Amino acid sequence: MRLLKGALLLSAIALLAVRLPQALEAQNVDRAMLTRPPKDSWPAYHGDYSGRRHSPLVEITPKNVKDLTLAWAFQTEQAAIIKATPILIDGILYFTVPDNIWAIDARTGHQIWRYTAPPNKAFHIGQRGVSIYKGWLYYMSSDAHLLSINPKDGKVRWDVVVADSSKGQWSTMAPLIVGDHVLVGASGDFDNLQGFVRSINPETGATQWQWDATLPVGTPNKTTGGNVWMTGTYDPDLNLVYWGTGNPTPVLNGKPRPGDNLYTCSIVALNPETGKLVWAFQPSPHDTHDWDAVEVPVLVDGDFHGKPRKMLMQASRNGHFFVLDRTDGKNLLTTTFGPVNWTLGIDKEGRPIPNPAKEPAPDGRLIAPDEGGLTNYRSPSFDPKTGLFIVSAAPSYSLYFAKPADGTYGWAGADYSLWSKGVLEAIDYQTGKIRWSHELGDGRSGAGVMTTDSGLTFTGDAAGNFLALDTSTGKTLWHAGSGSHIQSPSITYELDGHQVVLTSSGGVLFAWRLPSVSQ
Amino acid sequence: MPVHETYTPLVIEAGGSLFQQNCAFCHGKDAGGGESGPDLTRSKLVSTDMKGEKIGEVIRNGRPDKGMPRFGLSDQEITSLVAFVHSQQDKAMAQTGTRKGVDVSDLQTGDLEAGKKYFNGAGGCATCHSPTGDLAGVATRYQGLKLEQQMLYPRDAKSKVTVTPSAGPELTGQLAYLDEFTVALIDSTGVYRSWPIVKVKYKVDAPAKAHIELFDKYTDDDIHNLMAYIQTLH
């Protein structure tokens, strides 16, 4: 009897525990939470609005990281490689591959539901994840629709067309949600189309505003393109959203589009309420190498040469590292973080000056970096303690061709990468100098970077090893072979009071924790 | 014109849809080249493929060394992709006038004598290569863009590695795997062996490394001149 009483009491306590109001239920993901995500969440693509991909968690440290053990793995059993950043809300992980969304239990890795999209003909090159706001998920389909989905069961509430995929745009991004605005864009430079950022009402799916990166198709001597295909960042104090825009079209033939080709290959600051452009900075004026400037605009507050600054940092695909003042877009620093051979120098505004002799030509031009870029969309990370901007780089060389027969539509040329390797570069943002480099092997790594307050850097190499490095030195402290290519950065969160690191490789998610936490 | 199996328009159309979803980003919507993937309409592998025996293998296994993933598609899906790629190649080759993409004739802007001088002098090519030795007939084995790519970076060149275990004899073989934790070789009898890097000393002899070191030294003229010279090595 005593035993039964005890058991009853225990279950009553358990019941109480379950019923306790939880701060992190899906319906409670609001502006305040997205601005200051609790430790037991990773509620958006970048984790928070800053894009630093830096976590305050400190349970896993440089001392104990060697003991990390696998809590579980989740197999999508799909050929598609996971390029998504999962989000974690209320103990549930939501993540994607093209045409698929999963909700899985973060404690066990078992599936709660799976959504599969109707067949569609758009490019299926990647899907970077879903976003959540006030009890609804938001997902960009391969054919550039925005869907609002119920996180409880994966059922679709509404579906609106963002771009006409039959004309050549498609989508891969996780939306950025700022207040009552779901901000989205599309990909697509195989056709001469207008890039844009669109704001959509999270309740109704109605368009609130649209900012176009380029003039309407057919405007004489003007560029098209500037697709916005990555998740932007947001400064709640300045109330500005920051986005990088894609390359101009035609892609490799710059002749039909003389001049700088604004606002392609640009970093833009927009007012999220109106879509009005506040400032713009162009990493690649008159690009002819497909170097989208969509890489994460990372927002950092700190000292720059003795003055407190609100900064924006980008390691750009074209090989340059930029530090801007994000209040007005003025350049503070421009440097390179690997081999770059296509410029005549840097102009007085801090922009690289393209060398006309390095535009694609009929007999070919040797170009560094290659079209994949010195880095690409995978997240870098900023570590505040060391002041290091850590980016997965790909030093590379390639041949670029273009001739009249290639035309003035879409790709309009050809390019061939000759060689590349992967190197993790830790850049001192005050000087642009590289403090340490960590070789990642032949080819390139798609793992991106995440840092933690305990002094750890999580990334992966080109061979498919997950790596944990000492942020101050770049020395390897832990590794595990993943068995496939790693194409997304890690995230970390607290679950049941303990830190978890979540990584992915191929079609598999891996959850890691310290062995003392094992049950 | 290459000899390809005949497929029905329906199969080609189904292949076209699959191609847009899975292949077009890298190889272009018309299979004529896109972001990082080669122009399949100019591919020798495609033109010597009868009914998917070569293309199918590439789709199934990927080309991990060149960044192409393997695709888990059914035999029927692969057949339709093959049909589409064949039809695109036939279309491109039936074109009259200048074709898009890189032609052998586009790569003839160099100066042969200057190229020869660069080969024997500043380029340092003659340190490892000989026009009558390893490079004899290279311009017969490869032409055009393929020859230029081989010239700039011979990505299939095998590296050798010598491994010295803490106990036991030194071993030399073809480098089979290397990351920061493990080194592996295939020895002269074809046996694969690997070691934890912390337990051995090893030295890689990578003949292609000299090509990497040249990348930031070449001018575009050097490359075109060198190409003019290499093209004479029949």
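Guide: Two strands count as paired if DSSP finds at least two bridges between them; strands (E, at least two residues) and helices (H or I, at least four) are DSSP runs, numbered from the N terminus. This is a predicted model, in which local features need pLDDT of at least 70 and side-chain atom pairs count only at pLDDT 80 or more, while totals for chains, interfaces and linings use all residues. Residues are numbered from 1 along each chain as its sequence is written, and chains are lettered from A and ligands numbered from 1 in the order in which they are written. In chain A, four strands form an open sheet in the order E7-E8-E9-E10, with antiparallel pairing.

Visitor: Why are strands E7 and E10 of chain A said to stand at the edges?

Guide: Strand E7 (131–133) and strand E10 (156–161) of chain A each have a single partner strand, so one side of each lacks a neighbour in the sheet. From one strand to the next, the twist averages 20°.

Visitor: How do you know that strands E8 and E9 of chain A are joined?

Guide: Four bridges join strand E8 (residues 136–140) to strand E9 (residues 145–149), and at least two are required, so the two antiparallel strands of chain A count as a pair. Within E9(A), Leu147(A) is the bridge partner of Tyr139(A).

Visitor: How do you know that E2(B) and E3(B) are joined?

Guide: Here too there are four bridges, and the strands run antiparallel; Leu178(B), for instance, stands opposite Val183(B) in E3(B). E2(B) and E3(B) form a hairpin with three residues between them. E2(B) also pairs with strand E1 (residues 160–165) of chain B, in the antiparallel sense and over four bridges. That hairpin has five residues between its strands, and Gly168(B) in the turn has a positive phi of about 100°.

Visitor: Why is Phe181(B) called partly exposed?

Guide: Phe181(B) has 15 other C-beta atoms within 10 Å. Phe181(B) is found in the loop between strand E2 (171–178) and strand E3 (182–186) of chain B.

Visitor: Which residues does Phe181(B) touch, not counting residues up to four places away in sequence?

Guide: Phe181(B) touches His479(A), Pro196(B) and Ile197(B), where contact requires C-beta atoms, placed from the backbone, within 7 Å. The C-alpha atoms of Phe181(B) and Ile197(B) are separated by 5.3 Å, although these residues are 16 apart along the chain.

Visitor: Why are H1(B) and H5(B) called roughly perpendicular?

Guide: The axes of helix H1 (residues 9–22) and H5 of chain B cross at roughly 95° and come within 7 Å. Angles under 35 degrees count as roughly parallel, over 145 as roughly antiparallel, 65 to 115 as roughly perpendicular and the rest as oblique; H1(B) and H5(B) are therefore roughly perpendicular. Axes are lines fitted to C-alpha atoms, for helices over the stretch in contact, with angles from 0 to 180 degrees between N-to-C directions.

Visitor: How many residues of chain B are in contact with chain A?

Guide: The number is 38, and these meet 37 residues of chain A. H1(B) gives the largest share of this side of chain B, four residues.

Visitor: Which residues of H10(B) are buried?

Guide: Among them are Ile223(B), His224(B), Leu226(B) and Tyr229(B). Their cover includes strand E27 (365–367) of chain A, together with helix H6 (112–120), helix H7 (138–141) and H8 of chain B.

Methods. Buried ≥ 20, exposed ≤ 12 C-beta atoms within 10 Å, placed from the backbone. Contact = placed C-beta atoms within 7 Å.
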